[in-house]
Amino acid sequence: MARRRRRFRGMMDFILEAWVSSSIERAKVAWTLGAGKRWQPNEKLKLLFAGYNGTRNMGSDVRVEEMLRQVRHILGAQRIELSVMSQNFDFSRGYFAGTKQVHLPDIFPPFLSDEVPKHDGVVACEGSMFKSKFANALTTMMIGSLGIAAAQNKLSVGYGAEAGQMDPLVAKMCGRYCKNSLVITRNEESRTLLRELGVPTELGTDTAWTFEPRPAEYGRSVLRQFGWDRQTPVLAVCPINPFEWPVKASVTKYAMHSLTGAYKDSHYRTVYFHHSGPAAERAYERYWTAIANAVDAFRKRRNVFVIMVATERLDARPANRIAEKLGGIPVLTSDQYNMYELVSILRACHMMASSRYHGIVTSMPALVPSAGITMDERIRNLMRERGHQDLLMNVDDPDLEPKLLVALEKLATDGERIADGIARTVVKNLKVMARMGVYFEEEVQRRYPEFPTRKGEWSWEDYLPPMNASLQQLVAAYS
């Protein structure tokens, strides 16, 4: 029975992948036969940013915010017209200033076939762009967006992408339909994987480094509202449920859920369901219990003010479980605070233990010492880049509790050394992000030679969106 259910879920992925593949093929044939319209020099360049926005996932929203700012700064706001996908306008209201938001439905192939041809290019902007770890559907959507644009000989760029293990059919799709795209990866490991599939790449980074949240005083004021005394060091903990992935489509589960309420705990939305089962639940309980026990032991040794931070809506569940075990500590979620507010709160903290990649990244410009508890290669690659492998743990490590306690002690006693490594990494990545802007500008020129790009010589800072004073000070100190 279990094998039959897995086969059926695999069939659902196959249907979605075949649907998107046929959409790309139809777009190619239609373009070859003269359908569609190519950009003209007297027009604004219309670009569609394809990503996982409108779900109150702080990391996804922050990185797209900075992509939009960077592209607008490089190409000129008066020359371009930008649109970004959103799955829920209520969750993305107030984000992405000056950008049109278009609704991305859960059943997305018809939407891609209709929306992508309206634009002169696509910028795929999801961090976990080419992976089966989270959802084949998400990777299929990324491939479809890039593939339709490339089939019409339009700009087709993956920006700040990460590639990991992909199921065979998804990997084949990626190699076939992204071979005429440019994918700028955020690490060398992703670039190597994509090059093996024949996908053109350049090396880049994440784009959240330049994000400007609300002023620091806002974050401190929120902490005071929860009882912080302005002096005690603040430890932020950003947990996830690493064992509920991947998400897969299941018509059978959806029918049973609609009729009887079954699969309530694993329901993601519409026909999509999280991975679930007794083994997953046991692994999840070991994970959050280990974190809770380590944090409890740490706060008994040291005077710290602990908060739980859910940077994605789904993370509220593990955050609340840990908070309850610790006696009811504050839980701050992306439902309650928008991205500008939440990053300000994170930067007001003094230490962090996080399973969220962007929890770490967005706190680094404030030099917050952080440890990572990782489920995949993203945090692992970042900690290696920082030279902080001793602050890295795995979500399924049987010794997670004692290892996390050791890491928390290092954050408390060795913060200055850790902050120095963080500062150097931030400045390095700012320069790499600037180089991404150069690659993007060159790709626009290659696709559209008549597009009026900037003339003259420019410094590397000119390829970044405007930086705030604290980032400028870091650059001056560590360049």
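Which strands does helix α7 (residues 188-196) lie across? In this predicted model, helix α7 lies across β5, β6 and β7, and runs at about 170° to β7. These strands belong to an open sheet of seven strands with parallel pairing.

**The seven-stranded sheet**

- The strand order of the open sheet is β3-β2-β1-β4-β5-β6-β7, and the pairing is parallel.
- From one strand to the next, the twist averages 20°.
- Strand pairing in a sheet is made through backbone hydrogen bonds, and it can be parallel or antiparallel.
- Three bridges join strand β6 (residues 182-185) to β7 in the parallel sense.
- Val 183 has Thr 201 in β7 as its bridge partner.
- Helix α5 (residues 136-151) lies across β1, β2 (80-86), β4 (121-124) and β5 (155-161), and its direction is at about 150° to β5.

**Nonpolar cores**

- The largest nonpolar core contains 114 residues. Phe 49, Leu 75, Tyr 287, Ile 307 and Phe 440 are the residues with the most contacts inside this core.
- Helix α16 supplies the largest share of this core, namely twelve residues.
- Leu 75 is in contact with Leu 45, Leu 47, Ile 80, Phe 440, Val 444 and Phe 451, when neighbours within four places in sequence are left aside.
- A second, separate core comprises 40 residues, including Leu 16, Val 102, Leu 146 and Met 173.

- Strands β14 and β15 pair in the parallel sense over three bridges. Ala 353 stands opposite Ala 371 in β15.
- In helix α14 (residues 377-386), the buried residues are Arg 378, Ile 379, Asn 381, Leu 382, Met 383 and Arg 386.
- These buried residues of α14 pack against α7, β14 (351-354), α13 (357-363), β15 (370-374), β16 (392-394) and α16.
- Gly 387 follows α14 and has a positive phi, near 80°.

**Leu 400**

- Leu 400 is found in helix α15 (residues 400-413). Because its relative accessibility is 1%, Leu 400 counts as buried.
- Not counting residues up to four places away in sequence, Leu 400 touches Tyr 287, Ala 290, Ile 291, Ile 373, Met 393, Asn 394 and Val 395.
- Leu 400 and Val 444 are 44 residues apart in sequence, and their C-alpha atoms are 47 Å apart in space.

**Aromatic pairs and charges over rings**

- The model has seven aromatic pairs. One of them is formed by Trp 39 and Phe 451, which are tilted, with 5.8 Å centre to centre and 55° between the planes.
- This pair links distant parts of the chain, 412 residues apart: Trp 39 is in the loop between α1 (2-32) and β1 (45-50), and Phe 451 is in the loop between α16 (415-447) and α17 (469-478).
- Trp 39 counts as buried because its relative accessibility is 5%. Phe 451 is also buried, with a relative accessible area of 4%.
- The ring centres of Phe 211 and Tyr 340 are 5.5 Å apart and the planes are at 20°, so this pair is stacked.
- Phe 211 is buried, with a relative accessible area of 1%.
- Tyr 95, Phe 96, Phe 211 and Tyr 340 form one aromatic cluster.
- The charged end of Arg 454 sits over the ring of Trp 458, 4.4 Å from its centre. The charged end of Arg 454 also sits over the ring of Tyr 463, 4.7 Å from its centre.

Terms used: Residues numbered from 1 in each chain as written. Predicted model: local features only at pLDDT ≥ 70, side-chain atom pairs only at ≥ 80, totals over all residues. Heavy atoms only, no water. Phe/Tyr/Trp six-rings, centres within 6.5 Å; stacked < 30°, edge-to-face > 60°. Helix = DSSP H or I, 4+ residues; strand = E, 2+ residues; numbered from the N terminus. Buried < 20%, exposed > 50% of the residue type's maximum accessible area, 1.4 Å probe, protein only. Lys NZ or Arg CZ within 6 Å of the ring centre and 35° of its normal. Pairing = 2+ DSSP bridges. Axes fitted to C-alpha atoms, helices over the stretch in contact; angles between N-to-C directions. Contact = heavy atoms within 4.5 Å. Core = buried A, V, L, I, M, F, W, Y, C linked by side-chain atoms within 4.5 Å.
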